[in-house]
Amino acid sequence: MIAPAEGDADTHWLERAVELSRSSPPSDTAFSVGAVIVTADGLVLGEGHSRRDDPHDHAEEVALRGLDRDDPRLATATIYSSLEPCSARASRPRSCSALILDTPIPRVVLAWREPDLFVDCDGAERLTTAGRVVVERPDLAARVREVNAHLLD
Ligand SMILES: [Zn+2]
């Protein structure tokens, strides 16, 4: 299979992440987020959305759950998240940024930088500082805001 141009693949998978976010059980105190982990060949290794298995679940955490950290495919994978991975959280000791940094996943694509609504977030900065490539796609941010519109009034 010939992989689509990187930009097209990013759009496709980030749209998939936004689609997944719509499956999140509603919450008045947390964002609805979707995440998908894809290899360079376009193979999906994991998917997740907020509160999938537990009310405290974050999308990236769910997508990473069950993946073997030593899986060699992670070394070329990208994690797509509709929202910037969190850098601090009240509910659990490990933030999604820390969970990503526990893996060799080299590339993170996000649509929307987390607004400082619930906690200050510097996930993108932490990932970049640790040497991961972070790509922001603000052209898709409006869709993420739409999913979370009830939190933004
Ligand atoms: Zn998180």
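Guide: Helices are DSSP runs of H or I with at least four residues, and strands are runs of E with at least two, both numbered from the N terminus. This is a predicted model, where local features need pLDDT of at least 70, side-chain atom pairs count only at pLDDT 80 or more, and totals for chains, interfaces and linings use all residues. Residues are numbered from 1 along each chain as its sequence is written, and side-chain values use heavy atoms, without hydrogens and water.

Visitor: Where is the place of Asp10?

Guide: Asp10 sits in helix α1, residues 6–21.

Visitor: Why does Asp10 count as buried?

Guide: Buried means under 20% relative accessible area, exposed over 50%, partly exposed in between (1.4 Å probe, protein chains only). Asp10 has 5%, so Asp10 is buried.

Visitor: What is Asp10 in contact with?

Guide: Contact means heavy atoms within 4.5 Å. Beyond neighbours within four places in sequence, Asp10 contacts Tyr80, Arg107, Val109 and Arg137.

Visitor: What makes the pair of Asp10 and Tyr80 a polar contact?

Guide: The term needs N or O atoms within 3.5 Å; within protein, one must be able to donate a hydrogen and the other to accept it, and residues adjacent in sequence count only through two side-chain atoms. The Asp10 and Tyr80 side chains make such a contact at 2.7 Å.

Visitor: Why is Ser21 called buried?

Guide: Its relative accessible area is 2%, so Ser21 qualifies. Ser21 is also in helix α1.

Visitor: Which residues coordinate the zinc ion?

Guide: Donors are N, O and S atoms within 2.8 Å of the metal (3.2 Å for Na, K and Ca); water is not among the atoms, so sites may look incomplete. His58 (ND1), Cys86 (SG) and Cys96 (SG) coordinate zinc at 2.0 to 2.3 Å.
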